[in-house]
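Work through the exercises below with the structure open beside you. Each task is followed by a solution in steps.

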Amino acid sequence: MVNSKMMINRFLGIQDLSPEARSLLRTFFSFTLINSLIMSLSGTFFALNAIDKIGFALTGAMMALLLFTQFIFDYASGSLGDYIGQRWVLAIGYLSFGFGFLMLSIAETFSHFLVIAIANGFGNAHFSGAVTTWLDSNYKKVTTMDSDRKIYGFARSQVSTLNNLALAASFMIGGFLSTSFSRQTVFSLQVWLSLILVCIVLIKIKDISTVTDESDLQTSSKEKKEIRTSYFTYLKGGMRFMLSSKAAFFIIFGIGFLTTTWWIWGTLILFPIYFGYSGDDLGANLLRTIIMLNGVPIGLYVAKLSKKFSTTHYPRFLSLLVLLFFPAIFSLLILVPIQNEFNLIGFLFTIIIINISISMIYRTAEVLRMRLLVDLVPSENRNAIYSLIPTVTALFSIPLLPVAGQLIESFGLVAGVGVVFLVYATGFLLITLGIHYMKSGTKTMSLDEPIKVEKPEQSEAVN
């Protein structure tokens, strides 16, 4: 046990942190892998299953309903997580996912998929931002030495790297079960596994108590009422932070647009590409697994590479996708049309494009984003603020998903990639503008130094 902890500490690069910080990151590491192994079993053919049953256009409508449900509950559930603790909202999320998997095991009609959309949207609303909130808030409690968050960024990147192995294993197991038995078998299995995850989060995802926390208990009853006990304080705190500065506003909206990009890409385009160049579920899972396995050495390189850059370089890495990823994927789809059968050229170039553009360039950008948000966001409203991002995502994805689905059905996947490009470009411009305001605003703060954030209840502006 001791040796395994030491090995994980070395892999995550956290040997110099306090025992509490090391334990926190190890728990996050283990939970991330378990979650990926269980929840990703049907990840490759979830969208394909809907497309096969109801078509592209109705799948787009279904995903729009999913996001609308998430939009309705996301911010409120994030504030609830700040109020009662992240493990409880995670448990609610997994119960909702379990019901969604149960419905998937019997779904045949559009009405069935609408129920699934509501269940998964409700689950996503409770899940979004909760694990990261728990990690970031507790990390700030127990860490004083990692002022520039480079150790944190390295550890998060290493977790993402090994998570690729967990995802690859999950995809292959899910693909094998789907091919050998049926997709419905995998969905049924995930019902029971979701219940196991409920037990895990209730046991392991707990907040760390510190001296500061204990001293908070000695504050006046008036202060406790204003800061700690009112759910509505948390509810309005996240919105107040977002509107507190141009930097916060544009960065949150920009990240929301980027997430919208990957919602459309992952829901309507990516898996049809996997299937289209491989020919069946097992081949699609194999293609996805190869990409994930290639991502392991790439991720190890990214973890080291990210230490060389400050968070001011975040927009620069985002810009590289405009120059590399989108021209490459447009060219592939035009020059090598999808035939839903094995195509060696399409198979290989899909691996190359995604591994270079997404696994290396975009992941580096994501590490810088994680480092930025740790200190930018006040911990007492972190879950609510992190939930604002999927809320913004839903706001734009709800109309865009059906439009993209209809365009793909009428004009092919190239039209869908065009929609993705426009949304991504919008997010990139907003984030660039937010970073500009952050660096040159009237209240300037350095992105390479820890940001001291006042509680929203006490300060009109965060930066």
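**Exercises on a helical model**

The crossing of α7 and α16 is right-handed. The model used throughout these exercises is a predicted one.

**Exercise 1. The whole chain**

Task: State how many helices and strands the protein has, and what share of its residues is buried.

Solution. Step 1: the protein has 18 helices and zero strands. Step 2: of its 463 residues, 56% are buried. Step 3: take the contacts between residues at least 6 apart in sequence; 85% of these join residues at least 24 apart.

**Exercise 2. Helices α7 and α16**

Task: Classify the arrangement of α7 and α16 from the angle between their axes.

Solution. Step 1: helix α7 covers residues 150-180 and helix α16 covers residues 344-376. Step 2: their axes come within 9 Å and cross at roughly 135°. Step 3: this angle makes α7 oblique to α16, since only angles over 145 degrees count as roughly antiparallel. Step 4: on the α7 side the contact includes Lys150, Tyr152 and Arg156, and on the α16 side it includes Met370, Arg371 and Val374. Step 5: sorted by class, the residues in this contact are four nonpolar, five polar and four charged.

**Exercise 3. Tyrosine 152**

Task: Decide whether tyrosine 152 is buried or exposed, and find which residues it touches.

Solution. Step 1: tyrosine 152 lies in helix α7. Step 2: its relative accessibility is 0%, so tyrosine 152 counts as buried. Step 3: leaving out residues up to four places away in sequence, tyrosine 152 touches Leu135, Asp136, Tyr139, Asp146, Met370, Arg371 and Val374. Step 4: aspartate 136 is 16 residues from tyrosine 152 along the chain, and their C-alpha atoms are separated by 9.3 Å.

**Exercise 4. Helices α13 and α16**

Task: Describe how α13 and α16 cross, and say which classes of residue make up their contact.

Solution. Step 1: the axes of α13 (residues 281-306) and α16 come within 9 Å and cross at roughly 40°. Step 2: α13 and α16 are therefore oblique to each other. Step 3: their crossing is right-handed. Step 4: among the residues in contact are Ile298, Val302 and Leu305 of α13 and Met360, Thr364 and Val367 of α16. Step 5: by class, this contact has 13 nonpolar, nine polar and two charged residues.

Step 6 turns to threonine 364, which sits in helix α16. With a relative accessible area of 1%, threonine 364 is buried. Beyond its neighbours within four places in sequence, threonine 364 is in contact with Val302, Leu305 and Phe317.

**Exercise 5. Helices α17 and α18**

Task: Find how the directions of α17 and α18 relate.

Solution. Step 1: α17 (residues 382-411) and α18 (residues 413-440) have axes that come within 6 Å and cross at roughly 150°. Step 2: the two helices, α17 and α18, are therefore roughly antiparallel to each other. Step 3: Leu400, Ala404, Leu407, Ile408 and Phe411 in α17 meet Leu413, Ala415, Gly416, Val419 and Val423 in α18. Step 4: by class, the contact has nine nonpolar, one polar and no charged residues.

**Exercise 6. The largest nonpolar core**

Task: Name the residues with the most contacts inside the largest nonpolar core.

Solution. Step 1: this core has 127 residues. Step 2: those with the most contacts inside it are Trp265, Ile269, Leu318 and Tyr424. Step 3: helix α12 (residues 246-278) gives the most to the core, with 20 residues. Step 4: tryptophan 265 is in contact with Leu270, Ile273, Phe325, Ile329, Val417 and Val420, leaving aside neighbours within four places in sequence.

How values were computed: Residues numbered from 1 in each chain as written. Predicted model: local features only at pLDDT ≥ 70, side-chain atom pairs only at ≥ 80, totals over all residues. Heavy atoms only, no water. Axes fitted to C-alpha atoms, helices over the stretch in contact; angles between N-to-C directions. Helix = DSSP H or I, 4+ residues; strand = E, 2+ residues; numbered from the N terminus. Parallel < 35°, antiparallel > 145°, perpendicular 65-115°, else oblique. Left-handed = near helix turned anticlockwise from the far one by under 90°. Contact = heavy atoms within 4.5 Å. Nonpolar A, V, L, I, M, F, W, Y, C, P; charged D, E, K, R; others polar. Buried < 20%, exposed > 50% of the residue type's maximum accessible area, 1.4 Å probe, protein only. Core = buried A, V, L, I, M, F, W, Y, C linked by side-chain atoms within 4.5 Å.
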